[in-house]
Amino acid sequence: RIKRAAAGPARGEVTYARHAASILNRACLRCHRRGQIGPFSLEGYEDASAWAPEIKKYVASRRMPPWKPVSRDVAYANERRLSDEEIRVLSDWADGGAPPGDLRQAPPAPNFPDGWALGPPDLILEPPADYEVEARGADVYRAFVLPTGLSEDRYVTAAEFKPGTPAVVHHIMTYIDASGTGRRKDEADPGIGFDSQGTGPGFFPAGDLGGWGPGMQVRALPPGVGRLLPKGADLVMEVHYHKSGRVERDRTRVGLYFAKGPVTKKVRSNVVLDMTFEIPAGAARHPVTSVWGVPEDLHAHAVIPHMHLLGREIDVTARFKDGTRKTLVRIDDWDFNWQESYFFEEPVALPRGTLVVVTSWFDNRAENPRNPNHPPRPVRFGVNTTDEMSVAYVAFTRDIEDLTKPKKDE
(Lines give C-alpha, C1' and ligand atoms only; values in the text may rest on other atoms or scores of the structure.)
Protein backbone atom coordinates (compact mmCIF):
# COMPACT_ATOMS: atom_id res chain seq x y z
CA ARG A 1 0.00 0.00 0.00
CA ILE A 2 1.35 3.41 -0.96
CA LYS A 3 1.59 5.64 2.10
CA ARG A 4 2.95 9.14 2.55
CA ALA A 5 4.03 11.30 5.47
CA ALA A 6 1.50 13.70 6.92
CA ALA A 7 1.06 17.16 5.43
CA GLY A 8 3.01 20.22 6.65
CA PRO A 9 1.74 22.96 8.98
CA ALA A 10 -1.93 23.77 8.50
CA ARG A 11 -2.98 27.40 8.08
CA GLY A 12 -6.27 27.53 6.17
CA GLU A 13 -9.86 28.00 7.30
CA VAL A 14 -11.25 25.17 5.16
CA THR A 15 -10.86 22.04 7.27
CA TYR A 16 -11.09 18.32 6.80
CA ALA A 17 -13.73 17.85 9.48
CA ARG A 18 -16.15 20.56 8.33
CA HIS A 19 -15.57 20.65 4.58
CA ALA A 20 -13.35 18.06 2.87
CA ALA A 21 -14.31 14.81 4.60
CA SER A 22 -17.88 14.66 3.33
CA ILE A 23 -16.71 15.17 -0.28
CA LEU A 24 -13.97 12.56 -0.03
CA ASN A 25 -16.35 10.08 1.63
CA ARG A 26 -18.93 10.43 -1.14
CA ALA A 27 -16.72 10.69 -4.22
CA CYS A 28 -13.47 8.88 -3.45
CA LEU A 29 -13.68 6.17 -0.80
CA ARG A 30 -15.50 3.64 -2.94
CA CYS A 31 -12.16 3.06 -4.73
CA HIS A 32 -9.60 4.71 -2.43
CA ARG A 33 -9.86 2.52 0.63
CA ARG A 34 -7.94 -0.50 1.84
CA GLY A 35 -8.29 -3.55 -0.38
CA GLN A 36 -9.83 -1.66 -3.31
CA ILE A 37 -8.41 -0.74 -6.70
CA GLY A 38 -7.28 2.78 -5.72
CA PRO A 39 -3.47 2.73 -5.23
CA PHE A 40 -3.71 4.50 -1.86
CA SER A 41 -6.26 5.03 0.87
CA LEU A 42 -8.09 8.28 1.63
CA GLU A 43 -9.76 6.87 4.74
CA GLY A 44 -9.51 9.30 7.60
CA TYR A 45 -7.60 12.51 8.10
CA GLU A 46 -4.08 11.04 8.29
CA ASP A 47 -4.27 9.39 4.88
CA ALA A 48 -6.26 12.14 3.15
CA SER A 49 -4.09 15.03 4.33
CA ALA A 50 -0.92 13.33 3.12
CA TRP A 51 -2.33 13.28 -0.40
CA ALA A 52 -3.93 16.74 -0.36
CA PRO A 53 -1.69 18.27 -3.10
CA GLU A 54 -2.44 15.38 -5.45
CA ILE A 55 -6.14 15.55 -4.61
CA LYS A 56 -6.18 19.20 -5.67
CA LYS A 57 -4.25 18.48 -8.87
CA TYR A 58 -6.42 15.62 -10.02
CA VAL A 59 -9.83 16.99 -9.11
CA ALA A 60 -9.02 20.41 -10.59
CA SER A 61 -8.20 18.76 -13.93
CA ARG A 62 -11.25 16.45 -13.53
CA ARG A 63 -9.10 13.36 -13.93
CA MET A 64 -10.60 12.19 -10.64
CA PRO A 65 -13.12 10.93 -9.89
CA PRO A 66 -12.96 9.14 -13.24
CA TRP A 67 -15.98 10.41 -15.15
CA LYS A 68 -15.53 10.92 -18.87
CA PRO A 69 -18.81 12.38 -20.22
CA VAL A 70 -18.85 16.13 -20.78
CA SER A 71 -22.43 16.30 -22.10
CA ARG A 72 -25.12 17.87 -19.93
CA ASP A 73 -28.27 17.22 -21.99
CA VAL A 74 -29.17 14.20 -19.85
CA ALA A 75 -28.61 13.19 -16.23
CA TYR A 76 -26.93 9.87 -15.46
CA ALA A 77 -27.91 7.61 -12.60
CA ASN A 78 -24.31 6.52 -11.99
CA GLU A 79 -22.67 9.95 -12.35
CA ARG A 80 -19.50 10.59 -10.30
CA ARG A 81 -18.89 14.21 -11.28
CA LEU A 82 -17.72 16.75 -8.68
CA SER A 83 -19.36 20.17 -8.69
CA ASP A 84 -17.29 23.31 -9.22
CA GLU A 85 -17.91 24.20 -5.58
CA GLU A 86 -16.65 20.82 -4.36
CA ILE A 87 -13.49 21.20 -6.44
CA ARG A 88 -12.97 24.69 -4.97
CA VAL A 89 -13.36 23.36 -1.43
CA LEU A 90 -10.80 20.58 -1.91
CA SER A 91 -8.39 22.99 -3.60
CA ASP A 92 -8.69 25.55 -0.81
CA TRP A 93 -8.20 22.82 1.79
CA ALA A 94 -4.98 21.68 0.10
CA ASP A 95 -3.73 25.27 -0.36
CA GLY A 96 -4.31 25.93 3.33
CA GLY A 97 -2.08 23.08 4.40
CA ALA A 98 -4.89 20.51 4.81
CA PRO A 99 -5.93 21.50 8.37
CA PRO A 100 -7.84 18.87 10.34
CA GLY A 101 -10.32 21.06 12.20
CA ASP A 102 -12.14 19.38 15.06
CA LEU A 103 -11.97 15.75 14.02
CA ARG A 104 -14.72 14.92 16.49
CA GLN A 105 -17.05 16.76 14.12
CA ALA A 106 -15.90 14.87 11.01
CA PRO A 107 -18.65 12.81 9.37
CA PRO A 108 -18.19 9.06 9.69
CA ALA A 109 -16.94 7.15 6.68
CA PRO A 110 -19.69 5.50 4.62
CA ASN A 111 -20.60 1.94 5.47
CA PHE A 112 -19.82 -0.09 2.38
CA PRO A 113 -21.79 -3.33 2.54
CA ASP A 114 -19.81 -6.53 2.70
CA GLY A 115 -22.84 -8.46 1.49
CA TRP A 116 -25.13 -7.90 -1.47
CA ALA A 117 -26.41 -4.32 -1.68
CA LEU A 118 -29.87 -5.39 -2.88
CA GLY A 119 -30.16 -8.31 -0.49
CA PRO A 120 -29.64 -12.02 -1.27
CA PRO A 121 -29.66 -12.58 -5.06
CA ASP A 122 -31.97 -15.08 -6.72
CA LEU A 123 -29.02 -16.67 -8.52
CA ILE A 124 -25.28 -16.36 -7.84
CA LEU A 125 -22.87 -17.26 -10.64
CA GLU A 126 -19.11 -17.68 -10.31
CA PRO A 127 -16.22 -19.49 -12.05
CA PRO A 128 -15.50 -23.03 -10.83
CA ALA A 129 -12.16 -22.03 -9.27
CA ASP A 130 -9.91 -19.04 -8.57
CA TYR A 131 -8.09 -17.40 -11.45
CA GLU A 132 -4.43 -16.58 -10.80
CA VAL A 133 -3.27 -13.11 -11.83
CA GLU A 134 0.47 -12.78 -12.30
CA ALA A 135 2.37 -10.14 -10.36
CA ARG A 136 3.64 -8.10 -13.30
CA GLY A 137 3.18 -7.59 -17.00
CA ALA A 138 0.47 -6.37 -19.33
CA ASP A 139 -3.17 -6.24 -18.32
CA VAL A 140 -5.21 -9.40 -18.84
CA TYR A 141 -8.72 -9.82 -20.24
CA ARG A 142 -10.21 -13.16 -19.25
CA ALA A 143 -13.68 -14.43 -20.13
CA PHE A 144 -15.38 -16.91 -17.82
CA VAL A 145 -18.33 -19.05 -18.93
CA LEU A 146 -20.99 -19.20 -16.22
CA PRO A 147 -23.78 -21.72 -16.90
CA THR A 148 -27.09 -20.49 -15.55
CA GLY A 149 -28.85 -23.85 -15.49
CA LEU A 150 -32.20 -22.17 -16.07
CA SER A 151 -35.02 -24.43 -17.18
CA GLU A 152 -37.21 -21.48 -18.19
CA ASP A 153 -36.78 -17.94 -19.45
CA ARG A 154 -36.28 -15.37 -16.70
CA TYR A 155 -36.22 -11.58 -16.67
CA VAL A 156 -33.32 -9.96 -14.81
CA THR A 157 -33.94 -6.62 -13.12
CA ALA A 158 -30.46 -6.15 -11.62
CA ALA A 159 -27.02 -7.72 -11.70
CA GLU A 160 -24.58 -7.03 -8.86
CA PHE A 161 -20.89 -7.81 -9.26
CA LYS A 162 -18.59 -8.84 -6.40
CA PRO A 163 -14.91 -8.84 -7.39
CA GLY A 164 -13.08 -11.46 -5.39
CA THR A 165 -9.91 -9.34 -5.27
CA PRO A 166 -10.97 -5.76 -5.98
CA ALA A 167 -7.36 -4.51 -6.06
CA VAL A 168 -6.81 -6.18 -9.45
CA VAL A 169 -10.29 -6.13 -11.04
CA HIS A 170 -10.43 -3.10 -13.31
CA HIS A 171 -13.80 -3.62 -14.95
CA ILE A 172 -16.31 -6.32 -15.95
CA MET A 173 -18.57 -6.82 -18.97
CA THR A 174 -21.19 -9.54 -19.52
CA TYR A 175 -22.57 -11.28 -22.59
CA ILE A 176 -25.46 -13.74 -22.89
CA ASP A 177 -24.47 -16.81 -24.91
CA ALA A 178 -27.33 -18.94 -26.21
CA SER A 179 -25.18 -20.65 -28.87
CA GLY A 180 -22.62 -22.56 -26.80
CA THR A 181 -19.74 -20.70 -28.49
CA GLY A 182 -18.30 -19.57 -25.17
CA ARG A 183 -18.14 -23.16 -23.91
CA ARG A 184 -16.26 -24.25 -27.02
CA LYS A 185 -13.77 -21.40 -26.62
CA ASP A 186 -13.33 -22.31 -22.97
CA GLU A 187 -12.65 -25.96 -23.81
CA ALA A 188 -10.02 -24.94 -26.37
CA ASP A 189 -8.17 -22.69 -23.91
CA PRO A 190 -6.22 -24.29 -21.03
CA GLY A 191 -7.08 -23.04 -17.58
CA ILE A 192 -10.24 -21.39 -16.34
CA GLY A 193 -12.08 -19.40 -18.99
CA PHE A 194 -10.49 -18.12 -22.19
CA ASP A 195 -8.38 -15.16 -23.23
CA SER A 196 -10.16 -12.13 -24.62
CA GLN A 197 -8.99 -8.90 -26.23
CA GLY A 198 -11.18 -6.65 -24.12
CA THR A 199 -13.35 -5.91 -27.13
CA GLY A 200 -16.01 -8.56 -26.70
CA PRO A 201 -16.36 -12.32 -26.33
CA GLY A 202 -15.58 -13.21 -29.94
CA PHE A 203 -19.20 -13.97 -30.90
CA PHE A 204 -22.44 -12.04 -31.31
CA PRO A 205 -24.21 -12.27 -27.95
CA ALA A 206 -27.93 -12.70 -27.40
CA GLY A 207 -27.85 -9.73 -25.06
CA ASP A 208 -26.06 -8.64 -21.92
CA LEU A 209 -26.63 -8.05 -18.22
CA GLY A 210 -24.54 -4.89 -17.94
CA GLY A 211 -21.15 -4.54 -16.34
CA TRP A 212 -19.13 -3.05 -13.52
CA GLY A 213 -16.31 -0.56 -13.04
CA PRO A 214 -14.73 0.90 -9.90
CA GLY A 215 -17.18 3.19 -8.15
CA MET A 216 -20.27 1.86 -9.91
CA GLN A 217 -23.25 0.99 -7.75
CA VAL A 218 -25.85 -1.62 -8.61
CA ARG A 219 -29.07 -0.16 -9.99
CA ALA A 220 -32.31 -2.05 -10.52
CA LEU A 221 -34.38 -1.49 -13.64
CA PRO A 222 -37.74 0.25 -13.23
CA PRO A 223 -40.71 -1.94 -12.23
CA GLY A 224 -42.13 -3.90 -15.15
CA VAL A 225 -38.85 -3.78 -17.11
CA GLY A 226 -36.27 -6.58 -17.42
CA ARG A 227 -33.50 -8.13 -19.47
CA LEU A 228 -34.34 -11.52 -20.93
CA LEU A 229 -32.08 -14.38 -19.84
CA PRO A 230 -33.14 -17.35 -22.02
CA LYS A 231 -33.40 -20.82 -20.54
CA GLY A 232 -30.23 -22.87 -20.90
CA ALA A 233 -28.12 -19.82 -21.80
CA ASP A 234 -24.65 -19.16 -20.39
CA LEU A 235 -23.43 -15.84 -19.07
CA VAL A 236 -19.94 -14.98 -20.32
CA MET A 237 -18.26 -12.64 -17.85
CA GLU A 238 -15.25 -10.76 -19.24
CA VAL A 239 -12.93 -9.46 -16.50
CA HIS A 240 -10.17 -6.91 -17.07
CA TYR A 241 -7.31 -7.54 -14.63
CA HIS A 242 -4.72 -4.88 -13.76
CA LYS A 243 -1.69 -6.42 -12.04
CA SER A 244 -0.76 -5.30 -8.54
CA GLY A 245 2.92 -6.23 -8.25
CA ARG A 246 2.25 -9.53 -6.51
CA VAL A 247 0.51 -12.76 -7.44
CA GLU A 248 -3.22 -12.49 -6.73
CA ARG A 249 -6.11 -14.93 -6.94
CA ASP A 250 -9.59 -13.82 -7.93
CA ARG A 251 -13.01 -15.39 -8.23
CA THR A 252 -15.46 -12.67 -9.18
CA ARG A 253 -19.15 -13.41 -8.61
CA VAL A 254 -22.31 -11.95 -10.06
CA GLY A 255 -25.65 -11.98 -8.30
CA LEU A 256 -28.80 -11.89 -10.42
CA TYR A 257 -32.16 -10.54 -9.31
CA PHE A 258 -35.21 -11.81 -11.16
CA ALA A 259 -38.43 -9.90 -11.70
CA LYS A 260 -40.95 -10.70 -8.98
CA GLY A 261 -43.97 -9.23 -10.75
CA PRO A 262 -45.14 -9.08 -14.35
CA VAL A 263 -42.69 -7.70 -16.90
CA THR A 264 -44.34 -5.53 -19.51
CA LYS A 265 -41.25 -4.45 -21.42
CA LYS A 266 -38.03 -6.22 -22.34
CA VAL A 267 -34.79 -4.27 -22.44
CA ARG A 268 -33.19 -4.69 -25.85
CA SER A 269 -29.93 -3.40 -27.30
CA ASN A 270 -29.10 -1.97 -30.69
CA VAL A 271 -25.53 -1.60 -31.91
CA VAL A 272 -24.80 1.55 -33.92
CA LEU A 273 -21.54 1.04 -35.78
CA ASP A 274 -19.58 1.32 -39.02
CA MET A 275 -17.52 -1.69 -40.11
CA THR A 276 -16.16 -0.23 -43.37
CA PHE A 277 -13.89 2.63 -42.25
CA GLU A 278 -10.14 3.02 -42.60
CA ILE A 279 -8.08 5.39 -40.47
CA PRO A 280 -5.12 6.63 -42.54
CA ALA A 281 -1.65 6.49 -41.05
CA GLY A 282 -0.72 9.91 -39.72
CA ALA A 283 -4.30 11.18 -39.40
CA ALA A 284 -4.62 13.54 -36.41
CA ARG A 285 -8.43 13.61 -36.03
CA HIS A 286 -10.04 11.19 -38.44
CA PRO A 287 -13.85 11.10 -38.15
CA VAL A 288 -16.06 8.02 -38.47
CA THR A 289 -19.86 8.40 -38.45
CA SER A 290 -22.68 5.87 -38.28
CA VAL A 291 -26.43 6.40 -38.02
CA TRP A 292 -29.35 4.40 -36.66
CA GLY A 293 -32.83 5.36 -37.78
CA VAL A 294 -35.18 4.61 -34.89
CA PRO A 295 -37.89 2.37 -36.44
CA GLU A 296 -40.64 2.94 -33.84
CA ASP A 297 -41.31 4.87 -30.64
CA LEU A 298 -38.73 3.80 -28.05
CA HIS A 299 -37.27 4.87 -24.72
CA ALA A 300 -33.50 4.58 -24.17
CA HIS A 301 -32.31 3.47 -20.74
CA ALA A 302 -28.53 3.45 -21.23
CA VAL A 303 -25.78 4.00 -23.76
CA ILE A 304 -22.34 2.37 -23.98
CA PRO A 305 -19.80 4.06 -26.28
CA HIS A 306 -16.82 1.99 -27.39
CA MET A 307 -13.53 2.56 -29.21
CA HIS A 308 -10.02 1.16 -28.88
CA LEU A 309 -6.58 2.73 -28.44
CA LEU A 310 -6.63 5.31 -31.26
CA GLY A 311 -9.98 6.76 -30.20
CA ARG A 312 -9.85 10.30 -28.80
CA GLU A 313 -13.45 11.60 -28.92
CA ILE A 314 -16.90 10.07 -29.31
CA ASP A 315 -20.32 11.68 -29.55
CA VAL A 316 -23.71 9.94 -29.48
CA THR A 317 -26.54 12.35 -30.31
CA ALA A 318 -30.25 11.90 -30.94
CA ARG A 319 -31.51 14.10 -33.80
CA PHE A 320 -35.29 14.49 -33.70
CA LYS A 321 -37.60 15.07 -36.62
CA ASP A 322 -38.42 18.60 -35.43
CA GLY A 323 -34.77 19.57 -35.83
CA THR A 324 -33.83 19.51 -32.14
CA ARG A 325 -30.99 17.43 -30.77
CA LYS A 326 -30.07 15.75 -27.49
CA THR A 327 -26.58 14.50 -26.73
CA LEU A 328 -26.84 11.08 -25.08
CA VAL A 329 -23.13 10.99 -24.28
CA ARG A 330 -20.04 12.86 -25.41
CA ILE A 331 -16.49 12.09 -24.34
CA ASP A 332 -13.67 14.43 -25.35
CA ASP A 333 -10.83 12.48 -23.71
CA TRP A 334 -11.47 8.82 -24.45
CA ASP A 335 -9.50 6.30 -22.40
CA PHE A 336 -9.76 2.61 -23.25
CA ASN A 337 -9.12 1.81 -19.57
CA TRP A 338 -12.21 3.70 -18.35
CA GLN A 339 -15.21 2.27 -20.17
CA GLU A 340 -18.66 2.38 -18.64
CA SER A 341 -22.35 1.88 -19.17
CA TYR A 342 -24.06 5.25 -18.80
CA PHE A 343 -27.54 4.77 -17.30
CA PHE A 344 -29.96 7.64 -17.72
CA GLU A 345 -31.62 8.99 -14.59
CA GLU A 346 -34.85 9.04 -16.60
CA PRO A 347 -35.45 7.05 -19.83
CA VAL A 348 -34.94 9.20 -22.93
CA ALA A 349 -37.78 9.21 -25.46
CA LEU A 350 -36.69 8.31 -29.01
CA PRO A 351 -39.74 8.77 -31.25
CA ARG A 352 -39.99 6.95 -34.56
CA GLY A 353 -37.82 8.67 -37.18
CA THR A 354 -35.22 9.90 -34.70
CA LEU A 355 -31.65 9.50 -35.91
CA VAL A 356 -29.07 8.29 -33.40
CA VAL A 357 -25.76 9.55 -34.79
CA VAL A 358 -22.44 8.19 -33.54
CA THR A 359 -19.32 10.14 -34.49
CA SER A 360 -15.85 9.08 -33.38
CA TRP A 361 -12.51 10.77 -33.93
CA PHE A 362 -9.20 8.88 -34.08
CA ASP A 363 -5.55 9.92 -33.69
CA ASN A 364 -3.31 7.69 -35.81
CA ARG A 365 -0.13 9.74 -35.52
CA ALA A 366 3.23 8.57 -34.22
CA GLU A 367 2.92 11.32 -31.60
CA ASN A 368 -0.07 9.56 -30.03
CA PRO A 369 1.46 7.68 -27.05
CA ARG A 370 -1.40 5.14 -27.14
CA ASN A 371 -0.77 4.19 -30.78
CA PRO A 372 0.18 0.48 -30.74
CA ASN A 373 1.71 0.63 -34.23
CA HIS A 374 5.24 1.96 -34.80
CA PRO A 375 5.36 3.33 -37.40
CA PRO A 376 1.62 4.05 -37.78
CA ARG A 377 -0.29 1.96 -40.29
CA PRO A 378 -3.80 2.23 -41.75
CA VAL A 379 -6.25 0.78 -39.24
CA ARG A 380 -9.66 -0.74 -39.98
CA PHE A 381 -12.55 -2.21 -38.02
CA GLY A 382 -11.69 -5.37 -36.10
CA VAL A 383 -12.10 -7.23 -32.81
CA ASN A 384 -8.45 -7.06 -31.75
CA THR A 385 -7.36 -4.24 -29.49
CA THR A 386 -4.88 -3.08 -32.15
CA ASP A 387 -7.79 -2.77 -34.61
CA GLU A 388 -10.46 -0.12 -34.07
CA MET A 389 -14.17 0.25 -33.45
CA SER A 390 -16.65 3.11 -33.55
CA VAL A 391 -19.62 1.72 -31.63
CA ALA A 392 -22.48 2.73 -29.39
CA TYR A 393 -24.78 0.22 -27.70
CA VAL A 394 -28.20 1.68 -26.96
CA ALA A 395 -30.34 -0.17 -24.39
CA PHE A 396 -34.02 0.56 -24.97
CA THR A 397 -37.62 -0.55 -24.52
CA ARG A 398 -40.43 -0.43 -27.07
CA ASP A 399 -43.28 1.93 -26.22
CA ILE A 400 -45.85 -0.34 -27.86
CA GLU A 401 -44.73 -3.50 -26.09
CA ASP A 402 -46.74 -5.04 -23.30
CA LEU A 403 -45.58 -8.57 -22.62
CA THR A 404 -48.63 -9.24 -20.47
CA LYS A 405 -50.90 -8.97 -23.50
CA PRO A 406 -51.21 -11.31 -26.48
CA LYS A 407 -49.06 -10.28 -29.42
CA LYS A 408 -52.12 -9.73 -31.61
CA ASP A 409 -53.02 -6.71 -29.43
CA GLU A 410 -49.86 -4.77 -30.48
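**Close-up 1. The buried residues of helix α3.** In this predicted model, helix α3, which spans residues 52-60, has Ala-52, Ile-55 and Val-59 as its buried residues. These residues lie on the same side of α3, because they cover an arc of only 50° around the axis. An α-helix has 3.6 residues a turn, so residues three or four places apart point the same way. Among the elements that cover the buried residues of α3 are α1 (16-27), α2 (44-50) and α4 (84-95). Just after α3, Arg-62 takes a positive phi of about 60°.

**Close-up 2. A salt bridge between Glu-43 and Arg-34.** The structure holds 33 salt bridges, and in one of them the side chains of Glu-43 and Arg-34 meet with an N to O distance of 2.5 Å. Glu-43 is partly exposed, at a relative accessible area of 27%, and Arg-34 is also partly exposed, at 45%.

**Close-up 3. The salt bridge of Asp-122 with Lys-260.** In this pair the closest N and O atoms are 2.7 Å apart. Asp-122 counts as partly exposed at 37% relative accessibility, whereas Lys-260, at 67%, counts as exposed.

**Close-up 4. Glu-132, Arg-249 and their network.** The side chains of Glu-132 and Arg-249 form a salt bridge of 3.1 Å, N to O, which links strand β2 (residues 131-133) with strand β10 (residues 248-250) across 117 residues. Salt bridges with shared partners join Glu-126, Asp-130, Glu-132, Arg-249 and Arg-251 into one network.

Key:
Residues numbered from 1 in each chain as written. Predicted model: local features only at pLDDT ≥ 70, side-chain atom pairs only at ≥ 80, totals over all residues. Heavy atoms only, no water. Buried < 20%, exposed > 50% of the residue type's maximum accessible area, 1.4 Å probe, protein only. Helix = DSSP H or I, 4+ residues; strand = E, 2+ residues; numbered from the N terminus. Arc of directions from axis to C-beta. Contact = heavy atoms within 4.5 Å. Salt bridge = Lys/Arg side-chain N within 4 Å of Asp/Glu carboxyl O.
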